[in-house]
Amino acid sequence: MTQASPFATFYATHFFPVLRIPANRWLHGCGVLLSLSIFPLAALLRQPGYLLAYPFALALPGLLGHRLFEPNAHIGHVRVTRSDAPKLWFWWANYVLAWDLLRGRRFE
């Protein structure tokens, strides 16, 4: 029997449970795709300053999803203020969620 990694436990018990509404999940996924599009755009246009938009492109759609569909005020809207897990885990969990959405994972 294998034991789940600490990140997998965090994803299943802390990150994912506050994303019950599909529209909120998809906004998080759109933030990931939008943020990833900044890299080729900055390279194509030769504008490295565009990379400064990366954190905003990643975070704003998810924050909008929490504002519009799933407030979760008890845990706070801005994840950088949370201290219940390493900060990078919240960033990486968005990418895991986007991958799950793109490959058609069923969330039930």
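**View A. Ala93 and its contacts in the predicted model.** Beyond its neighbours within four places in sequence, Ala93 is in contact with Phe7, Phe10, Tyr11 and Phe15. The model shown here and in the views below is predicted. Ala93 is one of the buried residues of helix α4.

**View B. The largest nonpolar core.** This core has 14 residues. Phe7, Phe10, Tyr11, Phe15, Ala93 and Leu97 have the most contacts inside it. Helices α1 and α4 each supply at least two of its residues. The top contributor is α4, with five residues. Apart from this core lies another, of five residues, among them Val32, Leu58, Tyr95 and Ala98. Nonpolar side chains tend to be buried together in soluble globular proteins.

**View C. Helix α4 and its packing.** Helix α4 covers residues 87-102, 16 residues in total. From first C-alpha to last it reaches 24 Å, close to the 22 Å expected at 1.5 Å a residue. Its buried residues are Phe90, Ala93, Asn94, Tyr95, Val96, Leu97, Ala98, Asp100 and Leu101. These pack against three helices: α1 (6-15), α2 (22-44) and α3 (54-68). Gly104 follows α4 and has a positive phi, near 80°.

**View D. The surroundings of His28.** His28 is found in helix α2. His28 counts as buried because its relative accessibility is 7%, under the 20% cut-off. Residues up to four places away in sequence aside, His28 touches Phe15, Leu19, Gly62, His66, Asn94 and Leu97.

View E. The whole structure holds three salt bridges. One of them joins the side chains of Glu70 and Arg20, at 3.7 Å from N to O. The pair links distant parts of the chain, 50 residues apart. Glu70 sits in the loop between α3 and α4, and Arg20 in the loop between α1 and α2. Glu70 is buried, at 4% relative accessibility. Arg20 is exposed, at 55%.

**View F. The salt-bridge network at Asp100.** Asp100 meets Arg103 in a salt bridge, 2.9 Å from N to O. Asp100 also forms a salt bridge with Arg105, with the closest N and O atoms 3.0 Å apart. Shared partners join Asp100, Arg103 and Arg105 into one network. Asp100 is buried, with a relative accessible area of 4%. Arg103 is exposed, at 52%. Arg105 counts as partly exposed, at 38% relative accessibility. Side chains of opposite charge can pair when their charged atoms come close.

Terms used:
Residues are numbered from 1 along each chain as its sequence is written. This is a predicted model: local features need pLDDT of at least 70, side-chain atom pairs count only at pLDDT 80 or more; totals for chains, interfaces and linings use all residues. Side-chain values use heavy atoms; hydrogens and water are left out. Helices (H or I, at least four residues) and strands (E, at least two) are DSSP runs, numbered from the N terminus. The expected span of a helix is 1.5 Å times one less than its number of residues. Buried means under 20% relative accessible area, exposed over 50%, partly exposed in between (1.4 Å probe, protein chains only). Contact means heavy atoms within 4.5 Å. A nonpolar core is a set of buried Ala, Val, Leu, Ile, Met, Phe, Trp, Tyr and Cys residues joined through side-chain atoms within 4.5 Å. A salt bridge is a side-chain nitrogen of Lys or Arg within 4 Å of a carboxyl oxygen of Asp or Glu.
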